[in-house]
Amino acid sequence: MTAPARGTTLAGIAIRTPYWVFTGAIALVFLFPLLWTGVASVSPQPGTNQVDGWGFGNYETLAGYQAGIGRYLANSAFVSLLTVALTLAVSLLGGYAFARFRFPGKDLLFLATLAILMVPYATLLIPLYVLLNRVGLANSLVGVALVTTMFQLPFSVFMMRVSFESVPRELDEAAMVDGCSTFTTLWRVLLPAVRPGMITVGLFAFLTAWNDFIAPLILINDSSRITLPLAIANLRSQVQGVVDYGATEAGVVILALPCIVLFLLLQRHYVRGFMSGAFKG
Amino acid sequence: MSLDVPTRPPSTPPAPPAAPRRRGRRALSGWLYATPTAVFVVALFVAPLGLVLVMSAARWPLLSGFRGWNFPDNYAKAVDNRFFLDSVVFTVKYTVLATVLLIGLGLGLALLVQESTRWKGLLRTSILVPSALGLASASLLFYVLYSPLAGPLSPLMAELGATFLGTPNAALWSTLFLIVWRYAGFYMLLMLVGLQGIPVEVYEAARMDGASRWQLFRHVTLPLLRPTLALTTVLCVTGSLLAFEQFYILTKGGPDNSTISVVQLVYSVAFQGQNDLGVAAALSVLVLGALVLVNVLQLRAFRRPEEGT
């Protein structure tokens, strides 16, 4: 909101300096913790596996931790990809149904889906723990993915409904006239039009599932089936009460890196997803 | 993300006039496409919601399941828990502080980076990057950052004799800093969306009338941003009341059990020690009730002035 003092006159620079310092400091506050953790994870530090010189000792500790980092990475990847696939499938079909069809119970179902937002995580996870035990999904990564998908539905179904509604109806009517069934219309004609919405929904589902902590904490007991965030959090308290800060830093890097890369790659979609109106009051 | 905020509901365009039979078939396909959603909502949301009510009125140890009705014992035990009152007070205090900070800073940052210049784009990205991290990862990151042994500020801490997590107040503010770091970008983004929705003409008209910058903000931006402010406040209050990871990982409820949030209490009653799912369910139902109440009150508060006009 500072008036742009254009030109490179000395006075212009002098006026702008406080602004540069101020905004630069803000950027630094947000970036410093991330940069510091990245650097610290490979720098020498007493009490870690990287005492002398720079290197990847902390990552080696992590690789050998209990079932091995590979196992936890695989668990997390499985849950995340299954959640993304389920969320995309359910919300694509659901969004289509809510945007383009009239059927009895439509408003009730839509409201029920949105109501998921109003219910605390913990309130649902305790009975879900009991229910999943009952149907043989105790201690199962599939169970975690199902639960995570359910928690993603309010946002995803709403987002896809809005995406479909912003596509002109003439498009499907033309396809129908050409003899397409409702499904071919969806697959051939509408899918390309709602792709930005799907990228946003998929990105959010991935980030949520990859980072989720409470659902696996409650639903998984078996230490070889836990996901990465849980493994890294457990890591701290394992070594006879002494916290291995180096390995924790390395763990945070491994957790954060895919998210940050994905975010930077898809930032436009992420922002556009919001701008497209899902959140407009 | 709550959508009960004063918003125009996504309207269904009127269906083209069609023969009743065709309409019936379309309704059937509609249901078919909605079935996966319905299955998820019923099996994983409505059913557990019913079960939690049942559990809250029954003896239900973690390992053995249903052991007969005992309403209202679980509720009495939940309220009598020695951490109940403290955790409620703490959670409310945390929620108020977090909401004021995040809404204020979110709006401030949005105003700061609103125009699209290259530098502001960069600034926007740096503020947004932490929101890609999970709350658990962010909490672990700050756990190391705040550590008196390994943190970058440890020499300074040693000199001052202060710690980030040593006293109840320090732990609360350190957690708030973590939350602001993680979520400020998200709220900034929501505010930017809201600001974008305000037509430029309104500002121009006000400026023509000689409004100062402060007057513009106070009498144009704020009123027109009301729906966004309502949405963000509801989101932030709901999220903060349900805080868990930041306290479970960063402060572990300490020091001296001063930072136990309500959800953390539910978790510890259910899975750490007492293993009493009945009492945990009763606590969860209380949390749910409180949350619904708080949200209804908030929506009323945000709606009223609009109905007056």
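Residues are numbered from 1 along each chain as its sequence is written, and chains are lettered from A, with ligands numbered from 1, in the order in which they are written. Because this is a predicted model, local features need pLDDT of at least 70 and side-chain atom pairs count only at pLDDT 80 or more, while totals for chains, interfaces and linings use all residues.

**View 1. Chain A has twelve helices and zero strands.**
Helices (H or I, at least four residues) and strands (E, at least two) are DSSP runs, numbered from the N terminus. Along its principal axes, the C-alpha trace of chain A spans about 70 × 70 × 35 Å.
The order of elements in chain A, from the N terminus on, is α-α-α-α-α-α-α-α-α-α-α-α. Chain A has a radius of gyration of 24 Å, well over the 19 Å that the globule rule gives for 281 residues, so chain A is more spread out than a compact globule. The radius of gyration is taken over C-alpha atoms, and the globule rule is 2.2 Å times the number of residues to the power 0.38.

**View 2. Chain A is divided into domain 1 (10-57) and domain 2 (66-278).**
The domain bounds come from an automatic or database domain assignment. The centres of domain 1 and domain 2 of chain A, taken over C-alpha atoms, are separated by 32 Å. Nine residues from domain 1 of chain A and nine residues from domain 2 of chain A make the contact; two residues are in contact if their C-beta atoms, placed from the backbone, lie within 7 Å. On the side of domain 1 of chain A that touches domain 2 of chain A, two residues are nonpolar, seven are polar and none is charged. Here Ala, Val, Leu, Ile, Met, Phe, Trp, Tyr, Cys and Pro count as nonpolar, Asp, Glu, Lys and Arg as charged, and the others, Gly among them, as polar.

**View 3. Helix 6 and helix 9 (residues 195-211) of chain A pack at an angle of about 165°.**
The axes of helix 6 and helix 9 of chain A are 10 Å apart. Axes are lines fitted to C-alpha atoms, for helices over the stretch in contact, and angles run from 0 to 180 degrees between N-to-C directions. Helix 6 and helix 9 of chain A are therefore roughly antiparallel to each other. Angles under 35 degrees count as roughly parallel, over 145 as roughly antiparallel, 65 to 115 as roughly perpendicular and the rest as oblique. The crossing of helix 6 and helix 9 of chain A is right-handed; a crossing is left-handed if the near helix is turned anticlockwise from the far one by less than a right angle, and right-handed if clockwise. Residues of helix 6 of chain A in the contact include Phe155(A) and Met159(A), and those of helix 9 of chain A include Val201(A) and Phe204(A). The contact of helix 6 with helix 9 of chain A has seven nonpolar, seven polar and no charged residues.

**View 4. Asn139(A) has a positive phi of about 60° although it is not a glycine.**
Asn139(A) sits in the loop between helix 5 (121-134) and helix 6 (141-165) of chain A.

**View 5. Chain B is divided into domain 1 (22-81 + 273-309) and domain 2 (84-259).**
Chain B has 13 helices and zero strands. The C-alpha centres of domain 1 and domain 2 of chain B lie 29 Å apart. Eight residues of domain 1 of chain B touch eight residues of domain 2 of chain B. Helix 13 of chain B gives the largest share of the domain 1 side, five residues.

**View 6. The peptide bond from Phe71(B) to Pro72(B) is cis, with omega near 0°.**
Pro72(B) is in the loop between helix 1 and helix 2 of chain B.

**View 7. Helix 8 (residues 200-208) and helix 9 (residues 213-224) of chain B cross at roughly 160°.**
That makes helix 8 of chain B roughly antiparallel to helix 9 of chain B. Val202(B), Tyr203(B) and Ala206(B) of helix 8 of chain B meet Leu216(B), Val220(B) and Leu224(B) of helix 9 of chain B. This contact has six nonpolar, no polar and no charged residues.

**View 8. The contact between the chains takes 83 residues from chain B and 79 residues from chain A.**
Helix 1 (residues 20-56) of chain B gives the most to the chain B side, with 21 residues.
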